Amino acid sequence: MFLRLFNRDLLPACGATVADLNAGIPSVRRLQKGIKDREIFEIKLSTGDTFVGQLRWQDPDCLCLTDAGGQESLLWRSAIAFIKVKSHP
């Protein structure tokens with residue numbers, strides 16, 4: 001089942017489509033909820049680097065995270081060790 005409830009404005013402008021994200025995967029649904037609810041996430045990469053901020057969008061390859069200063073970072077899913085919710089709005 002592919003998610004049809006995604007807000008198309010939350011998808012990246014790179015041409016990704018709603019069908020690119022499989023809503024049958026719980027992690028996709030959970031991250032999309034965090035985007036919608038503007039939750040703060042801590043994302044640790046396999047390199048040990050840690051990023052904290054709001055997720056702006058996700059696609060099959062990457063997540064876009066914006067920190068408190070407005071700086072956007074693209075994080076490749078393959079480099080992520082874990083994602084933790086830091087706060088709920």
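Thr-66 is found in strand E3, where strands (E, at least two residues) and helices (H or I, at least four) are DSSP runs numbered from the N terminus. This is a predicted model, so local features need pLDDT of at least 70 and side-chain atom pairs count only at pLDDT 80 or more, while totals for chains, interfaces and linings use all residues. Residues are numbered from 1 along each chain as its sequence is written, and side-chain values use heavy atoms, with hydrogens and water left out.

**Around Thr-66**

- Thr-66 comes out as buried, at 16% relative accessible area; buried means under 20%, exposed over 50%, and partly exposed in between (1.4 Å probe, protein chains only).
- Leaving aside residues up to four places away in sequence, Thr-66 touches Val-52, Gly-53, Gln-54, Arg-56, Gln-71 and Glu-72, with contact taken as heavy atoms within 4.5 Å.

**The sheet**

- Five strands make up an open sheet, ordered E4-E3-E2-E1-E5, with antiparallel pairing; two strands pair if DSSP finds at least two bridges between them.
- On the edges sit E4 and strand E5 (80-87), each of which pairs on one side only.
- From one strand to the next, the twist averages 45°; axes are lines fitted to C-alpha atoms (for helices, over the stretch in contact), and angles run from 0 to 180 degrees between N-to-C directions.
- Helix H1 packs on this sheet and touches E1, E2, E3 and E5, its direction making about 95° with that of E2.
- E1 and strand E2 (residues 50-58) run antiparallel and are joined by five bridges.
- Within E2, Gly-53 is the residue that Phe-41 stands opposite.

- Leu-65 has Ser-73 in E4 as its bridge partner.
- Five residues lie between the two strands of this hairpin, and Gly-70 takes a positive phi near 90°.
- In a regular strand, side chains alternate between the two faces of the sheet.
- Strand E4 (residues 72-76) has Ser-73 and Leu-75 on its covered face, with Glu-72, Leu-74 and Trp-76 on the uncovered one.

**The nonpolar core**

- Ten residues make up the largest nonpolar core: Leu-31, Ile-35, Phe-41, Ile-43, Leu-45, Leu-55, Leu-63, Leu-65, Leu-75 and Ile-80.
- For the record, a nonpolar core is a set of buried Ala, Val, Leu, Ile, Met, Phe, Trp, Tyr and Cys residues joined through side-chain atoms within 4.5 Å.
- At least two residues of this core come from each of helix H1 (26-36), strand E1 (40-45) and E3.
- E1 gives the most, supplying three residues.
- Ile-43, a member of this core, touches Asp-49, Thr-50, Phe-51, Leu-55, Leu-63, Leu-65, Leu-75, Ile-80, Phe-82 and Ile-83, not counting residues up to four places away in sequence.
- In soluble globular proteins, nonpolar side chains tend to be buried together.

**Salt bridges**

- The count comes to five salt bridges, a salt bridge being a side-chain nitrogen of Lys or Arg within 4 Å of a carboxyl oxygen of Asp or Glu.
- Glu-42 pairs with Lys-84 in one of them, the closest N and O atoms being 3.9 Å apart.
- Since Glu-42 lies in strand E1 and Lys-84 in strand E5, that pair ties together parts 42 residues apart in sequence.
- Glu-42 counts as buried at 13% relative accessibility, whereas Lys-84 is partly exposed at 41%.
- Glu-42 also meets Lys-86 in a salt bridge (3.6 Å, N to O).
- Lys-86 lies in strand E5 and Glu-42 in strand E1, so this pair ties together parts that are 44 residues apart in sequence.
- Arg-56 and Glu-72 form another salt bridge, with the closest N and O atoms 3.4 Å apart.
- Here Arg-56 lies in strand E2 and Glu-72 in strand E4, so the pair ties together parts that are 16 residues apart in sequence.
- Both partners are partly exposed, Arg-56 at 45% and Glu-72 at 43%.

**More on Lys-86**

- At 48% relative accessibility, Lys-86 counts as partly exposed.
- Lys-86 touches Ile-40, Phe-41 and Glu-42, not counting residues up to four places away in sequence.
- C-alpha to C-alpha, Lys-86 and Ile-43 are 9.7 Å apart in space and 43 residues apart in sequence.
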